[in-house]
Amino acid sequence: INIYTNTDHFLKFDQKCRTFKAAVLIQRWYRRYVARLEMRRRCTWTIFQSIEYACEQDQIKLHNFFSYLMDNFTPSSSKERDFISRMFISGESFKEAELEKYCDYESLEVPDSYTGPRLSFPLLPDHATALLEAFKQKQQLHARYVLNLLHETRKHLKQLPNISHVSTCYSEEVTVCGDLHGQLDDLFLIFYKNGLPSPSKSYVFNGDFVDRGKQSLEILIILFTFLLIYPKEVHLNRGNHEDHMVNLRYGFLVGLMTMSRLHGKKILKMIQNVFCWLPLATLIDQKVLVIHGGVSDTTDLDMLEKIQRNKFISVLRGKKRKESNRNVEIKEINGESQAEPDSAGNEITSSLPSQPRPTQAPSMTNRVEFSRWVRQTVQEQIEWCRKLVDISDSEEEELTCSSLVSLTDLDGPCWTRQEEWKQVSDILWSDPMPQEGCRENTVRGGGCYFGPDVTGKILEKYNLQFLIRSHECKQEGYEFCHNRKVLTIFSASNYYEIGSNRGAYVKLGPDLVPHFVQYQANKTAHTLTMTQRISRVEESAFRALREKLFAHTSALISAFKLYDKDNTGKITLSNWATAVESVLHLGLPWRMLRPQLVRSTADGMLEYKSWLDDLAMEQRSQEHIQSSLLEVIYRNRSNLETIFRIIDRDHSGLISFEEFHQTWKLFSSHMNIELTDDGINDLVRSIDFNKDGNIDFNEFLEAFRLPEGLTGRQVPGALH
């Protein structure tokens, strides 16, 4: 009996051991499986972000290139100077009366056949509800109502301070939303889950309402409508995409012109003007600072409160003036003579206005006369400064909130435009980093990277609890960093691909403790398992990366040959990774990504020419174009589209001969190509393949076939 009992006990113990070991093995396998999925997800995320930021950097480089051309080009006539100025400064200022006349909504008639929503001012909550229902039914708002709405929005924004102030005392809670990027379904879902704006429900929308998504205009209309209905409960911050130079690249401009070809230019002009009046930040209970991008070690909220924000129609255009002009200005300010002898020894008088000399001050016993003398002298000095720094007189002087602040602090510090521009640029473009310090954001090309020490100093200086910012897509829709002192909130779900990320918003009550709500606006994403979701997003990311590799085929071959000294056509996989990074500069873990991009080989060597041929074959299967031309188009298409839109000043989708003629004079001056007016005319006629007197985008792209057929010969007019 004892033997049987012991045997039975042993068998049960052995069975338990086996069960325990099986559980450990399953747990180990599952942890390894989840770890691999997480690694794949992180790699995919890194690919998407690297490509996105490289694109933003290209946009800034392209803008800097055109700015350089403008600074170093000498027009041959005042007509030429005015034309080029108008063409490259699409956000030029208007006088108040001129803007209203240009965007006159009252002259537009709404036809009887129009079945969409109608607006009357002042707006009521029923108008907002009607708009929401209409947009859900894919209806559009008539241009008359759009222009009227933009006109009223602009009037309201001009009365707001640069930093809005919100209190939880007047509402149950404040909801902060991040980037929407034209994704209307996300905004619908936020309102469905959280409720519409109301006197008891305040919202802060933290910029980047437009671009990338297809329904940017609808989002603007809804947000501006609620802003006018509930001006104390709805607050809008400016983002880096509320900028007409950025809109040239990321789709909002094209979508707007496609939607309203007849009145699109007027709507675009008004939107550009509205964007520059958007507040720059929001303070909640004086304790939580809400800004779109971030801060820097030079961020000064006192300066932000006082600058004239509408000067920065495009933050990308706030660069330094031409060095020679600055030197002239400094000399003039210091009272030095601007007269210089020409080659013949004759004195040339500077075109800059001479500084006015104040008349002798009257006696202070006559206070009325003395006050009149002070006002006249100050006005003369202001007018001289305006002419000196080329500030346009076209915008009427208006007593806005920000200008009133400036007028009440005449004894305060005087900042340069460059200092003001840096303040705005930093809060719109910056990103946090885990390291200490503050350095230039070379990945995006604008703003800076700021560390936890910078955050701590800002919070301490202004007695704040934490910062809320957006600007970066996060997988869960939100993310804390800097010891939970910086919160990133991003409200556009499925930003890169279906299933790539959740959207989120944050709610703050009187205790200022953040409560998050996450969501997926796409129904398909809910049906996918975690593995399916990661696989789908991963496939999209690697497809985009292969396109990027193919677009740099020529540069990659040159880089590979540096490691292939004997011309064997093979390089090691380690050298492949180093060479690819040296060309693309994406900062990706290429050795980790290699299995998805390169077939494994027995000897650990890669035949790089056959690998590039495979990339070309994959792209040619989608685009039936010769490989060499396709490479050029893939590499330059985004830049070419942006250049086309810059030249196409009236956004008609066509470049006129005059627009092309004046633009090419800039390029030829930069490249030191001697090209006569007749030569430029011959060139533009050769590009106009259908002979309709204009150049469309396809003809613009087709012109790139010309350099591909050249064999090292320099042909004037080749579009390199």
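Predicted model: local features only at pLDDT ≥ 70, side-chain atom pairs only at ≥ 80, totals over all residues.
Colleague: What share of the contacts join residues at least 24 apart in sequence?

Modeller: If you take the contacts between residues at least 6 apart in sequence, 72% of them join residues at least 24 apart.

Colleague: How do I read a nonpolar core, and which residues have the most contacts inside the largest one?

Modeller: The general idea is that in soluble globular proteins nonpolar side chains tend to be buried together. In this structure the largest nonpolar core has 98 residues, and those with the most contacts inside it are L141, L187, F205, F209, I222, L236 and I271. Helix 7, which covers residues 216–229, gives this core its largest share, namely 10 residues.

Colleague: Which residues is I271 in contact with, once its neighbours within four places in sequence are left aside?

Modeller: With those neighbours left aside, I271 is in contact with L150, L217, L220, F252 and L256. Apart from this core lies another one, of 38 residues, and I51, A577, L597 and V598 are among them.

Colleague: How should I read a strand that pairs with others, and in which sense do strand 12 and strand 14 pair?

Modeller: For each pair of strands, look at the sense of the pairing and then at the bridge partners. Strand 12 (residues 466–469) pairs with strand 14 in the parallel sense over 3 bridges, and L467 has V486 of strand 14 as its bridge partner. Strand 13 (residues 478–481), by contrast, pairs with strand 14 in the antiparallel sense over 4 bridges. Here the bridge partner of C481 is V486, while that of F480 is L487.

Colleague: Which way do the residues of strand 14 point, and are they buried or exposed?

Modeller: In strand 14 (residues 486–489), V486 and T488 point one way, whereas L487 and I489 point the other way, and all of them are buried.

Colleague: What lies between strand 13 and strand 14 in their hairpin?

Modeller: The hairpin has 4 residues between the two strands, and H482 takes a positive phi near 55°.

Colleague: How do I read a salt bridge, and how many does a search of the whole structure find?

Modeller: The general idea is that side chains of opposite charge can pair when their charged atoms come close. A search of the whole structure finds 19 salt bridges. One of them joins E38 and R41, whose closest N and O atoms are 2.6 Å apart. Both residues lie in helix 1 (residues 2–72), 3 residues apart, which is about one turn of the helix. E38 counts as partly exposed because its relative accessibility is 27%, whereas R41 is buried because its relative accessible area is 17%, and the cut-off for buried is under 20%.

Colleague: Where do K155 and E152 lie?

Modeller: K155 and E152 both lie in helix 5 (residues 143–157), again 3 residues apart and about one turn of the helix. They form a salt bridge in which the closest N and O atoms are 3.6 Å apart, and K155 counts as partly exposed at 42% relative accessibility.

Colleague: Which parts of the chain does the salt bridge of E476 and R502 tie together?

Modeller: The side chains of E476 and R502 meet at 3.6 Å, N to O. E476 lies in the loop between strand 12 and strand 13, and R502 lies in the loop between strand 14 and strand 15, so the pair ties together parts that are 26 residues apart in sequence. E476 counts as partly exposed at 33% relative accessibility, and R502 likewise at 37%. Elsewhere, salt bridges that share partners join D431, R444, R469, E472, K474 and E479 into one network.

Colleague: Finally, which residues does UniProt list for "domain: EF-hand"?

Modeller: The UniProt record, an unreviewed entry, lists residues 551–586, 635–670 and 675–710 under that name. Over residues 551–586 the chain in this model is 67% helix and 8% strand, and the end C-alpha atoms are 14 Å apart.

Methods:
Residues numbered from 1 in each chain as written. Heavy atoms only, no water. UniProt positions renumbered as here; feature names shortened; annotations may be inferred. Core = buried A, V, L, I, M, F, W, Y, C linked by side-chain atoms within 4.5 Å. Buried < 20%, exposed > 50% of the residue type's maximum accessible area, 1.4 Å probe, protein only. Contact = heavy atoms within 4.5 Å. Pairing = 2+ DSSP bridges. Salt bridge = Lys/Arg side-chain N within 4 Å of Asp/Glu carboxyl O.
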